[in-house]
Amino acid sequence: MEVAWVDRIAEPIRHNDHTMQVEASAGVTVFTRSATAEQVLVEADLAMYRGKRTIGSRVTVFDQKMADDASHRADLERRLRLAIENDD
C-alpha cells in the first residue's frame, strides 16, 4: 500500500548543519459496524508493529494471520511462564 505521506516523511530534514531522517510506520485495518473500538485499535497496532519489523517507512494492512501469530506467541509465553513457575 503506497501512501504519499510516507514518502514525504522519508525526505531528509535539514536543521542548521545537521541532516535528519525520520521513519514512520502505520497500521491499517478494515472493520465492520459490529467491531469495537478496542478491536480496531488492536488490529491496527498488530499491523503497525509488523510494519516496524522492516526497514523504512511503511503502511501495513492487518490480516488475520497477524492476530493468529500474536495469539500463538502469547500462549507460548504463558506456557513458558507456567513451566518456569512449576520447575517443569
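Reader: How are α2 and α3 oriented to each other: roughly parallel or roughly perpendicular?
Author: This is a predicted model, where local features need pLDDT of at least 70, side-chain atom pairs count only at pLDDT 80 or more, and totals for chains, interfaces and linings use all residues. Residues are numbered from 1 along each chain as its sequence is written, and side-chain values use heavy atoms, without hydrogens and water. The axes of α2 (residues 37-52) and α3 (residues 64-85) come within 10 Å and cross at roughly 85 degrees. Angles of 65 to 115 degrees count as roughly perpendicular, under 35 as roughly parallel, over 145 as roughly antiparallel and the rest as oblique, so α2 and α3 are roughly perpendicular.

Reader: Which residues of α3 make the contact with α2?
Author: Contact means heavy atoms within 4.5 Å. From α2 come Leu-46, Ala-47 and Arg-50; from α3 come Met-66, Ala-67, Asp-69 and Ala-70.

Reader: Which residue forms a salt bridge with Arg-50?
Author: A salt bridge puts a side-chain nitrogen of Lys or Arg within 4 Å of a carboxyl oxygen of Asp or Glu. Here the closest N and O atoms are 3.2 Å apart. The pair links distant parts of the chain, helix α2 and helix α3, 19 residues apart. The partner of Arg-50 is Asp-69.

Reader: Which residues are linked with Asp-69 in a network of salt bridges?
Author: Asp-69 also forms a salt bridge with Lys-65, with closest N and O atoms 3.1 Å apart. Asp-69 and Lys-65 are 4 residues apart in helix α3, and therefore separated by about one helical turn. The network links Asp-69 with Arg-50 and Lys-65.

Technical notes
Axes are lines fitted to C-alpha atoms, for helices over the stretch in contact, and angles run from 0 to 180 degrees between N-to-C directions. Helices (H or I, at least four residues) and strands (E, at least two) are DSSP runs, numbered from the N terminus.
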